[in-house]
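Open the model in your viewer and keep the selection panel at hand.

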Amino acid sequence: MELVNWFNELLAGNLIFTPQTLGYYWNGVVTTTQLVFLSLLVGLVMAVPLSILRGSKHRWIKLPIYAYTYVFRGTPLLIQLYIIYYGVVFVDGIQQTFLWPLLREAFYPALIAFTLNTAAYTTEIFHGAIKATARGEIEAARAYGMSDRMMMRRIILPSAFRRALPAYGNEVIFMLHASAIASVVTLMDITGAARFVYARYYAPFEAFLFAAAIYLCLTFAILYFFRFLERRLLAHLRPQN
Amino acid sequence: MLDLHGYGPRLLEGAGVTIQLAVLSLMLAIVLGLLTASAKMSRSWLLHKIATLYTTVIRGVPDLVLMLLLFFGGQMALNVLTDILYDRSGIDIFINLNAFAAGVITIGFIFGAYMGETFRGAFMAVDHGQIEAGKAYGMSDWLVFRRIRFPLMMRHALPGLSNNWMVLLKTTALVSVIGLSDMVRVAAEASRATHEPFTFLLPVAAIYLLIASVSEWMFARLHKRYNVGFGGH
């Protein structure tokens with residue numbers, strides 16, 4: 001009760017940041033978090049097998065994956081979003097399937113675009129880390145008579161994923177920032193809320209600076225989370241003194 | 001052949017806008033990046049703090065939010081400034097911040113922060129003996145910068161520079177949101193009007209890939225040029 005009073009006093013006389021607009025921003029934070037978290041999760045699950053296959057010796061496995069990552073990393077996410085958002089209607093027969101009620105809303109096309117995009121970047125990050133595995137570790141595994149599969153599981157992947165951690169942290173932040181374009185296809189994420197508040201009150205500084213502050217806080221939270229993870233998981237690489 | 005429903009010329013114009021925007025903002029970003037790197041390496045406590053604040057805040061906020069802030073807020077700030085000018089001295093001017101200028105300023109401003117980090121690392125990698133040698137020849141500070149520090153720094157900065165350029169190129173797509181008719185906006189408008197999204201969006205994606213491939217080739221050439229005398233690595 002005291003908290004509510006304090007909150008009302010804080011907002012008293014403030015024309016723009018009413019409980020209502022703060023509610024928009026809060027819903028925006030929820031939407032942004034859902035979009036970013038889900039796309040990163042699915043993207044990560046896709047990227048692990050793709051990055052292993054990307055290093056395959058067979059040309060017909062390696063090349064299509066390379067083409068996929070090249071196209072998705074070489075074109076703007078906005079174009080990818082437009083292609084999926086405007087194009088999904090034209091996929092034959094999709095309107096008859098159970099997926100249609102989901103795909104008709106902007107959320108799922110955006111989620112698909114973000115997922116495919118982050119999966120492409122993450123595949124390349126992991127591929128680079130796998131390729132950088134020290135020769136000695138692979139030879140040691142071979143000397144122990146490990147099969148390829150066991151070597152991948154026990155030796156290469158654990159060390160590669162740890163080495164990929166800093167680059168992956170950057171990718172997570174990149175994804176958070178890239179998610180701002182969801183507002184272009186009418187989604188009310190943080191940026192969408194800011195655009196709505198701007199349009200309603202014609203107050204660009206208040207509307208967008210508040211959104212910027214929220215993004216800044218989220219960015220720092222991600223940054224510190226990954227620093228913590230790196231300290232824990234890369235402890236064996238720190239100089240010992 | 002591809003039927004573009006008469007949108008062909010506008011799409012081509014849009015591609016021109018994209019390229020102009022990207023090149024101009026790259027130039028602004030390089031200038032800002034050099035200034036930021038110098039400020040970060042300077043002995044002045046205040047300059048260092050300002051540069052650190054700039055790079056931290058810019059890199060922590062999405063490009064689109066900064067762009068909207070500068071585009072909508074910039075015009076308002078300009079109006080306030082010209083109003084003050086009118087009240088004080090009777091000079092009546094109206095500066096209209098068009099979408100192109102806002103785009104160049106915002107993208108240049110954003111990537112200036114990234115360039116600053118790239119250049120700082122590269123400047124620090126330059127062998128100090130080379131700079132001392134230049135001074136021993138009696139070169140002025142500017143001459144040392146132009147003939148020694150800059151070319152040697154570029155060797156270390158090129159990989160980061162090329163990476164920043166690729167990201168910058170893709171960021172230009174965002175100006176379509178603030179009303180600039182770049183190729184993304186033209187393609188999106190055409191898709192909505194004709195209900196044929198793939199006809200317009202896929203060629204635009206291909207143009208982005210083409211520009212990226214051409215720039216990769218150009219950066220490979222630059223890389224060769226700035227690595228003369230370093231054993232071809």
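Select T191(A), A194(A), R195(A) and Y198(A) in α9(A), then L64(B), V65(B), L68(B) and F72(B) in α3(B): these two sets meet, contact being C-beta atoms, placed from the backbone, within 7 Å. Helices here are DSSP runs (H or I, at least four residues), numbered from the N terminus. By class, this helix contact has six nonpolar residues, one polar and one charged; Ala, Val, Leu, Ile, Met, Phe, Trp, Tyr, Cys and Pro count as nonpolar, Asp, Glu, Lys and Arg as charged, and the others, Gly among them, as polar.

The model is predicted: local features need pLDDT of at least 70, side-chain atom pairs pLDDT 80 or more, while totals for chains, interfaces and linings use all residues. Residues are numbered from 1 along each chain as its sequence is written, and chains are lettered from A and ligands numbered from 1 in the order in which they are written.

Next, show α9 (residues 190-201) of chain A with α3(B): the angle is about 15 degrees and the axes are 11 Å apart, with axes fitted to C-alpha atoms over the stretch in contact and angles running from 0 to 180 degrees between N-to-C directions. The pair is therefore roughly parallel (under 35 degrees).

Finally, select residues 200-220 of chain B, which are 100% helix, with end C-alpha atoms 31 Å apart.

Notes. Parallel < 35°, antiparallel > 145°, perpendicular 65-115°, else oblique.
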